Amino acid sequence: MVDVVIPISVSGIWRPFISDNPTRSGSIGITVILEPYSFARVTEGEGVYLNGNPVKMKNLEYLEAKMGKVRVNMESKVPLGFGYGMSASVSLAYALGASQIRGIDLEQAALLAHESEVISGNGLGDVVSQFFGRNIVYRERPGFPPYGVIRIFEISSDDIYSKPLEALPTKSILQPLDVSFTLINEFLSNPSIDKFFEVSRKFTEALGFTSPFPNSFRKKGLILKLGKPESDSWIRHRIASRGAYVE
Ligand SMILES: Nc1ncnc2c1ncn2[C@@H]1O[C@H](COP(=O)(O)OP(=O)(O)OP(=O)(O)O)[C@@H](O)[C@H]1O
Ligand SMILES: CC(C)(CO)[C@@H](O)C(=O)[O-]
């Protein structure tokens with residue numbers, strides 16, 4: 001029996017880089033790593049369950065084929081498909097848990113989770129950010145290390161809120177926009193939580209996603225907001241100071 005702990009990841013800027021090699025594919029961009037963590041118990045058996053519901057996705061078929069079947073019971077405070085990087089979290093939970101049961105190196109398992117995300121088209125930078133990252137992650141070069149390169153910004157906040165709106169496919173947000181480079185540089189010139197929200201709002205608006213709330217942006221099917229909202233129906237987050245780990 002293995003317990004795995006995984007943070008949420010929400011990208012505010014991204015630019016896809018897809019090649020024939022899934023290890024080298026991914027995205028550059030800026031991503032905030034958030035609590036609450038998801039918890040997964042991985043055991044011998046089969047079937048992946050998120051908050052008691054069976055999960056079927058291509059990522060898991062890939063991981064089952066590469067690592068053999070295991071059973072994953074996962075609990076998360078945020079839903080799958082909205083933009084919280086949950087497909088990467090489920091894949092990482094599977095891969096990290098199975099690695100301990102089958103005697104596979106942890107980083108090799110994370111690579112398989114990254115490949116499963118790229119091949120299924122569900123995510124590009126989430127596994128790298130959740131596994132190697134914490135706080136705010138700048139993916140300078142796309143792909144899994146050593147091809148991929150990340151830089152971590154030690155920024156903290158416990159004043160972040162999200163509102164899940166709807167599940168949307170990742171392909172609806174993969175249009176490559178050149179403005180991503182300008183906005184990444186804008187963040188790098190003054191890295192702070194306020195700047196992260198400012199550049200993320202500009203980037204997601206350029207993609208056609210708008211938020212009616214102040215100090216916020218819409219990433220795919222969710223709104224991420226800095227500062228307490230007027231209504232209570234939001235999920236509260238703290239920036240996570242640790243990436244995914246096996247307990
Ligand atoms: N109940 C469900 N709701 C949403 N998606 C589901 C569900 N069950 C299985 N899926 C599958 O889960 C995957 C969700 O991947 P997706 O990348 O959209 O989610 P995410 O990781 O939460 O978002 P993002 O990658 O934008 O952060 C899809 O392949 C979808 O088909
Ligand atoms: C493509 C993406 C925005 C989906 O959440 C994410 O995986 C990322 O930042 O690469």
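Which strand gives the largest share of the shell around ligand 2? Strand E2 does, with three residues.

This is a predicted model, in which local features need pLDDT of at least 70, side-chain atom pairs count only at pLDDT 80 or more, and totals for chains, interfaces and linings use all residues. Residues are numbered from 1 along each chain as its sequence is written, while chains are lettered from A and ligands numbered from 1 in the order in which they are written.

**Ligand shells**

A residue counts as near a ligand if its C-beta atom, placed from the backbone, lies within 6 Å of it. Helices (H or I, at least four residues) and strands (E, at least two) are DSSP runs, numbered from the N terminus.

| Ligand | Residues in shell | Closest residues |
|---|---|---|
| Ligand 1 | 19 residues | Gly81, Met86, Ser87, Asn122, Gly123 |
| Ligand 2 | 13 residues | Ser11, Ser27, Gly123, Leu124, Gly125 |

Around ligand 1, helix H2 (residues 86-102) gives the most, with three residues. Strands E1 (2-17) and E2 (26-43) are the elements that give two or more residues to the shell around ligand 2.

**The open sheet**

Four strands form an open sheet in the order E9-E10-E8-E11, with antiparallel pairing. Two strands pair if DSSP finds at least two bridges between them. E9 (216-219) and E11 (235-237) are the edge strands; each has a single partner strand, so one side of each is left without a neighbour in the sheet. Strands E8 (residues 160-164) and E10 (residues 222-226) run antiparallel and are joined by five bridges. Tyr161 has Lys225 in E10 as its bridge partner.
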